[in-house]
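Please keep the sequence and the coordinates at hand while reading.

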Amino acid sequence: PLNDVKLSEHVGDFTTDGARNTPNDSNDIHSAFAWDAGDRAYLVATDDDEAIDVDIFDITDPRKPTLVSETDLNRYGIAQPALGLDESFLHDMVVKQIGSRFIMLLSYWDGGYVLLDVTNPAAPIFLGDSDYAAVDPELRAQTGIVLTPEGNGHQGEFTLDNKYAITTDEDFGPFRLLLTTVDGTFRAGAGTQTTIAQVEAINGTTVFVGRGCSVDPAVPPAPNAGTSQIAVVERGLCTFEEKARNVIAAGGWEAMLIMNREGADACTGVFAPFLSAQIPTIFVGRDTGFAMFDRTYDDAACRDSSFQRAPITIGTFGDPIQNVGTQFDGWGYVHLFGVNLGATSATLTELDTFAIPEAMDPAYASGFGALSVHEVATDKTDASRAYLSYYAGGIRALQITCQRPKDPSTCRLVETGGYLDPNGNEFWGIETFVREGVTYIAGSDLDFGVFIVKRKP
């Protein structure tokens with residue numbers, strides 16, 4: 001590692017929906033995972049630019065990686081649109097050798113969690129997937145509130161003995177926002193610096209101001225001083241923070257609305273953007289933004305063919321926001337699945353869910369940082385233990401405990417400990433390693449770097 005050598009670069013999929021990219025750029029990759037299959041080595045990558053988003057590369061010769069297969073898991077019917085879960089795309093994945101086979105566990109956002117047999121990476125075999133319950137189980141268990149689940153399958157791992165999978169749903173929005181215009185009511189997300197009171201106060205005329213970046217045409221000042229006006233910016237090209245600061249500097253804007261970018265994973269996608277700039281901010285899907293300016297999109301990937309034919313010019317007025325309502329629905333949480341691998345199929349049976357109490361308490365919905373789980377790392381010496389990076393909730397340790405060891409339906413996730421620095425944390429990534437029989441947990445903090453803690457005997 002002190003004398004590393006670059007072996008290749010600019011590797012990826014160069015086609016989008018069957019057409020060669022022009023210019024010759026590889027598609028965006030969100031996440032990647034490599035595995036050693038003995039005489040061959042492979043890498044799976046998340047293709048963010050098309051629905052065929054499970055890309056597997058042969059990296060046996062790392063100087064010449066080659067694309068060996070592409071898969072769209074939605075063709076297996078894993079989405080649950082009846083629950084409003086229609087943002088089904090690959091977010092993260094791991095591969096593990098189980099017996100003589102290599103099994104991939106994929107986190108497919110609103111599609112849930114999926115098992116693929118990638119023993120032959122050139123021809124992955126779909127084995128099975130999880131389903132979200134009709135009612136959000138953790139929200140109902142801790143609060144009694146009955147709402148549909150939010151999906152957001154983010155990341156997961158197998159336990160040491162492969163009997164279970166522990167997975168994490170990431171959710172930065174503890175309130176379900178519903179934005180109402182003359183076109184109807186739409187889902188929305190609030191910026192992390194925006195309070196619920198600020199959200200509920202947002203109403204007024206919308207005006208398109210471009211992407212709001214410093215290299216774009218400058219954000220204009222609000223055109224009608226003395227009236228409530230909301231600057232609509234388009235996601236992309238620069239950070240949310242830069243957009244917010246440019247809107248503030250332009251003057252006169254009461255709030256900022258961010259319209260999602262184009263792409264299969266963004267058309268109706270809604271989340272809570274990280275921001276510190278003090279302007280009330282809400283985030284909406286691209287379909288919502290299109291509707292506000294009387295535009296429509298042409299296909300499920302939300303490509304911009306109609307948008308490009310009739311682009312929205314800066315300064316165009318859109319539909320006024322009539323109301324933004326809120327309903328507490330908690331932060332993201334953890335699933336425990338029983339894994340049953342068959343020769344040609346597999347099941348993921350949900351046994352339990354877990355969330356720290358604060359994540360399901362409206363009193364902690366704002367002012368305490370993000371209280372969503374982010375990732376899980378299972379113990380490499382104890383099949384019953386796992387560790388979570390929980391943003392402002394710190395590092396948390398879990399143990400699988402079963403009332404009757406031979407009956408998986410009696411198994412539950414129990415918190416056994418945790419770590420939170422006195423100065424506060426925002427733990428993002430997590431991994432475990434073993435030295436001289438001792439398990440250590442490394443957590444990456446967004447503000448202070450890497451923390452290493454160990455599990456007490």
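**A guided reading of the model**

Strand E13, which covers residues 175-181, is joined to E19 by six bridges, and the two run antiparallel. Within this pairing, leucine 177 has threonine 326 of E19 as its bridge partner. The model is a predicted one, and the description below should be read accordingly.

An open sheet is formed by seven strands in the order E15-E16-E17-E18-E14-E13-E19, with mixed pairing.

The whole structure contains 16 aromatic pairs. A pair of aromatic rings is described by the distance of the centres and the angle of the planes. For tyrosine 113 and phenylalanine 337, the ring centres are 5.8 Å apart and the planes stand at 55°, so this pair is tilted. It links distant parts of the chain, since tyrosine 113 lies in strand E9 (residues 113-117) and phenylalanine 337 in strand E20 (residues 334-341), 224 residues apart. Both tyrosine 113 and phenylalanine 337 are buried.

Another pair returns the reader to the helix on the sheet. Phenylalanine 240 and phenylalanine 283 have ring centres 6.2 Å apart and planes at 85°, so their pair is edge-to-face. Because phenylalanine 240 lies in helix H3 and phenylalanine 283 in strand E18, the pair ties together parts that are 43 residues apart in sequence. Elsewhere, ring pairs link Phe172, Phe274 and Tyr391 into a cluster.

Strand E8, residues 101-109, comes next. Which of its neighbours pair with it? Strand E7 (residues 88-98) is joined to E8 by eight bridges in an antiparallel arrangement, and lysine 96 stands opposite isoleucine 103 of E8. E7 and E8 form a hairpin with two residues between them, and glycine 99 in the turn has a positive phi of about 65°. E8 also pairs with E9 in the antiparallel sense, over five bridges. Here serine 107 stands opposite tyrosine 113 in E9, the residue whose ring pairs with that of phenylalanine 337. The hairpin of E8 and E9 has three residues between the strands, and in it glycine 112 takes a positive phi near 90°.

The burial of E8 can be followed face by face. In a regular strand the side chains alternate between the two faces of the sheet. Nine of the nine residues of E8 are buried. On one side these are Arg101, Ile103, Leu105, Ser107 and Trp109, and on the other Phe102, Met104, Leu106 and Tyr108, so that both faces are covered.

The structure holds two cavities of 30 Å³ or more, and the largest cavity has about 70 Å³ of space. Residues lining the largest cavity include Tyr132, Asp136, Glu150, Asp169, Asp171, Asp329 and Trp331.

Some details of the backbone remain. Threonine 22 and proline 23 are joined by a cis peptide bond, with omega about 5°; proline 23 is placed in the loop between strand E2 (19-20) and strand E3 (29-36). Histidine 10 has a positive phi of about 60° although it is not a glycine. This histidine 10 lies in the segment before strand E1 (15-16) and, at 47% relative accessibility, counts as partly exposed. Glutamate 436, likewise not a glycine, has a positive phi of about 50°. The loop between strand E26 (427-435) and strand E27 (438-445) holds glutamate 436, which at 84% relative accessibility counts as exposed.

Key:
Residues numbered from 1 in each chain as written. Predicted model: local features only at pLDDT ≥ 70, side-chain atom pairs only at ≥ 80, totals over all residues. Heavy atoms only, no water. Pairing = 2+ DSSP bridges. Helix = DSSP H or I, 4+ residues; strand = E, 2+ residues; numbered from the N terminus. Phe/Tyr/Trp six-rings, centres within 6.5 Å; stacked < 30°, edge-to-face > 60°. Buried < 20%, exposed > 50% of the residue type's maximum accessible area, 1.4 Å probe, protein only. 1 Å grid on protein atoms, 1.4 Å probe; cavity = no way out; pocket = protein on both sides within 12 Å on 5 of 7 lines; lining within 4 Å. Points joined across faces, edges and corners; volume = space filled by probe spheres on them.
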